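Hi everyone, thanks for coming. I'd like to walk you through one structure today, so please have a look at it with me.

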Amino acid sequence: MTILNPYGMTRRHFMQHVAGAATAIPTMHFLSHLEANASQVKKQQKACILIWMAGGPPTIDIWDLKPGSKNGGEFKPISTKGDMQISEHMPKTAQVMDNLSLIRSMSTREADHARGTYYMHSAYVPNPTVVHPTFGSVVSYELGARRKELDIPSFISIGGSRGSAGFLGMSHSPFVVSSDGTIQNAEINMAEQQRLGQRLDMLQVLESGFINSKRGESANSHKDIYKKAVNLMTSKQMEAFKVDQEPAALKDAYGTGNFGQGLLLARRLVEVGVPFVEVSASVGSWDLHQGVFNSLKDQNLPQLDMGIAALVQDLKQRAMLDDVTIVCMGEFGRTPRINQNVGRDHWAASWTAMVGGGGLKNGQAVGKTDADGIGIEGKSYLPGDLWATVAHSLGIPLDIVHTSKRGRPMKLANGGTPIKELIG
Amino acid sequence: MRRFSKQLSVVFTMLICAGSGVSMADAAPPESRTKAFSTGAFDPFIDYINGRIRQGWEDNEVEPSAVASDEEWLRRVHLDLIGQIPSAEMVEQFSKDRDPAKRSKMIDKLLEDPAYVQNFTNVWTNLLIGRRTPRRVSRNGMQKFLREAFAKNRPWDEIVQDLVTAEGHFEENGAVNYLLAQMQNNDEAVQVTAATTRLFLGIQVQCTQCHNHPFNDWKQNQFWEYNSFFRQMRPVNHRKTDPKTGRQIDDYSEIVATGFNGPVYYEKRSGLMQVAYPIFEDQKVDPQSGVERRKEFSRLIVQGEKPLIATAIVNRMWGYFMGYGFTRPVDDMGPHNPASHPELLNKMAEEFVKKDYDLKQLARWICNSEAYNLTSQFSRNNEIDSPERGETPLFSHMYIKNMTAEQLYDSLIVATGAHKSGQSNWERAEEQRRQWMGQFMVAFDNDSGDDSTTFNGTIPQALMMMNGDLTKNAISADRGSYLNQLLTEKGNDQVKIRKMFLSTLSRYPDRREINSAQRLISGTPNKLAAYQDLYWALLNSNEFVFNH
């Protein structure tokens, strides 16, 4: 706890790093050089935004329509700027599909919500011997730890979290914020702000006394977490959470609901260097056992459409689209067959995940389902293949092996293979 | 080297004795052995424990740390036995007490405290059903069963037998909640097999679900043999109509017996299908119908002089009190993972069986042992005793532990004196407790097998301790609050500072701390604000959140 003044902390923090890292170069010169490039560096930082459709989206009505089949349902396909057709209720997204791609042959065998959520997030099926890290934690572990200038957590989950860091450890857990950027207990009032320095001074006296009394590493770890928490509270990067500061026109373009604002917040976060952000596609339930078409048409799809289109355009305008990989999916798809309640049930055998940006070869649909959407024609893909593709575009080496606490080796993305057509 | 020189000095002493004609009996023994440590308890088995642990120190050439101060020890034994820190008054009283048997008396007193029951109910509820209650599981039911068990100090073997053989309504027979919680996946009892062997037998057979054990000679069939004991039951979830809304809502759940018989089938890595029959440690159970296999299981697990369930609980409780068990993790015993003190573990398990699986007796042995009474400060002479760096624990000093969320909450309540304001609104207090716990648990997914000694606090938890409502209340200066009361009491700043240290860190401040606190107070125009800041710092300190 060397930094006790809550004001100007980021800069002093930064100076310390500079001082530690580059003693051979005259400090001021080096610093100005760094600052000049700071915005440039940040823009080139790779990141992934996962749009999570909890409940399991009926991708047959969104990304892979089956006109003419008894399973086709009420919606018609429309042409897009990419080399594929999508639902008529996704018109704005259709205009940016040249920047996105579809994997139409996901086949994932887990059709239970909890198991599917675990599997799609980690690429591993649940197993009583170990808790596998969700992929956001993997990215945090691989990329976040190296971004020393990042004061805020490197894996942020907007609108709830759906997985844990497992054996990678608590510091890579999803950091949960609400879609308006509120972090619980991080905001303090003016009076408390003025007192923080004094409180931390006293804390420092107590903590150092305990640490110096030789009781092991844990005492130090506690200090480190507090340092991070204080950095977070006082960092300039906290501005990134203030999604309200965006111009009204942009907020409207994303959609003013929780999902749109959450997505806009995600963009602000990757902009300051957060490598993984998960956003809940909370536009209504995706678990559409009944009334699937009305719900999609009136509620889910208009918001999803707006949000995705706005995000792609926004990232493109900021020259960030090649560095930010977008993934949009749920824990499984839904049955091609329409049930008696005009709904679709759980279906993991053949469904679509959307990916895009990230310097991938976009504008294409990879994989194919048959005319009724039931079987897969040709190659099918597992979540490991999808995450391997994302790892590839984030620059995370695929031969990385993590080790569980019991010493069991775990391949990155469960040893999946990047999808050839997408990585070129 | 150290050992060698010690031997030399002994030889040297003997030579002098011989030369000067002084008899051996008069020669002063080395300083550390002047007097055997005792808490005042008379039980030869405690001496046996101390002897075995000392042997480990000698073999590894480490010197034990000093005995913990009364304050340090009192705080530790309160947290471990009753799940909360002692009050300031208790610390003062205990440190003034001149009774040489005061430690053993304190242990006996705490074992009879109602909070002992609550503490171990918390510990075992978390182990049996997890911190987050799974769907269709009654946390209240589980706690009721455990409260009764710990209040009556029921023998551990009976508690385990009740848990594994449970049947019926989840509130009428709270024991079923263990099975309900472990049967969430509809997975042919895979999870309940893994949990039962891990929690009660202290062995991890779950990896043999899919393949032979990688580090010992356990074969895949073993998992499925255990598994076949748990196939004659299923959870049934009842629904009912909500009279207000007319909608179907969750009613009770239960475990019912099924008529399953015969072998179970599993797939080998090669794809070959295999059969497995109910077999426990080479003892076969008739696979035909009419045999209640869980009853048979509960009979087989208590057989012999030193059954696994005894070794498992001894190892777990030693780990609970000391920070590390004799194996690491405590629930992964077996030929691939030898114990640090095998003789002691085995003997303690045998004695525990002879004492009729008496959990309080087990706690008494451990808390009265020399190792438990040492300070957590290590020195140059035992710094190699560092299990957090992967070394085998020698128990030559106490290892610091994280407080659990429950211990932290209850300690915050004690520190702020809120527990004294009476039980007038128990329900509201309980509601607040659950709310706080829920918030604290966000992003707290550590699995139960984790070491309790690695600090795994998160940023949200630090933020909650710094700025959360409970802390705000704790440092509030409103009428009736702790600070308000303290400030209106007699005494100068120094007296008040000492009081604040006693009620949070359970010890007196040192010179440096008093100076810093006094500087803080004199440098702040608003005295009350200064006291708030001091109190904030005390509650947020590492020393407060660790059990050391």
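This is a predicted model: local features need pLDDT of at least 70, side-chain atom pairs count only at pLDDT 80 or more; totals for chains, interfaces and linings use all residues.

Residues are numbered from 1 along each chain as its sequence is written, and chains are lettered from A and ligands numbered from 1 in the order in which they are written.

Let's take chain A. It has 12 helices and 14 strands; helices (H or I, at least four residues) and strands (E, at least two) are DSSP runs, numbered from the N terminus. Of its 424 residues, 52% are buried, meaning that 20 or more other C-beta atoms, placed from the backbone, lie within 10 Å of the residue's own. Two residues are in contact if their C-beta atoms, again placed from the backbone, lie within 7 Å. Among chain A contacts between residues at least 6 apart in sequence, 71% join residues at least 24 apart.

Now the sheet. Eight strands of chain A form an open, mixed sheet in the order S6-S5-S7-S1-S8-S11-S4-S12, where strands pair if DSSP finds at least two bridges between them. Which strands stand at the edges? They are S6 (175-177) and S12 (365-366) of chain A, each with a single partner strand, so one side of each has no neighbour in the sheet.

Look at S5(A). It runs parallel to S7(A), joined by four bridges, and parallel to S6(A), joined by three.

Is A:Asp61 buried or exposed? It is buried, because 29 other C-beta atoms lie within 10 Å. Leaving aside neighbours within four places in sequence, A:Asp61 contacts A:Gly73, A:Phe75, A:Ser87, A:Val292 and A:Leu296.

On to chain B, which has 24 helices and nine strands. Of its 548 residues, 44% count as buried.

My example here is helix H7 (residues 139-151) of chain B. Its 13 residues should span 18 Å at 1.5 Å a residue, and its end C-alpha atoms are 18 Å apart, which agrees; the expected span is 1.5 Å times one less than the number of residues. B:Gly141, B:Met142, B:Phe145, B:Leu146, B:Ala149 and B:Phe150 are buried in H7(B). Seen down the axis, the buried residues fall within an arc of 160°, so they line one face of the helix; the arc is that of the directions from the helix axis to the C-beta atoms. Their cover includes H6 (114-129), H8 (156-165) and H9 (176-181) of chain B.

Finally, where the chains meet: 46 residues from chain B and 40 residues from chain A take part. On chain B, helices that each supply at least two residues include H10 (190-201) and H22 (511-522).

Terms used:
A residue is buried if 20 or more other C-beta atoms lie within 10 Å of its own, exposed if 12 or fewer, and partly exposed in between; C-beta atoms are placed from the backbone.
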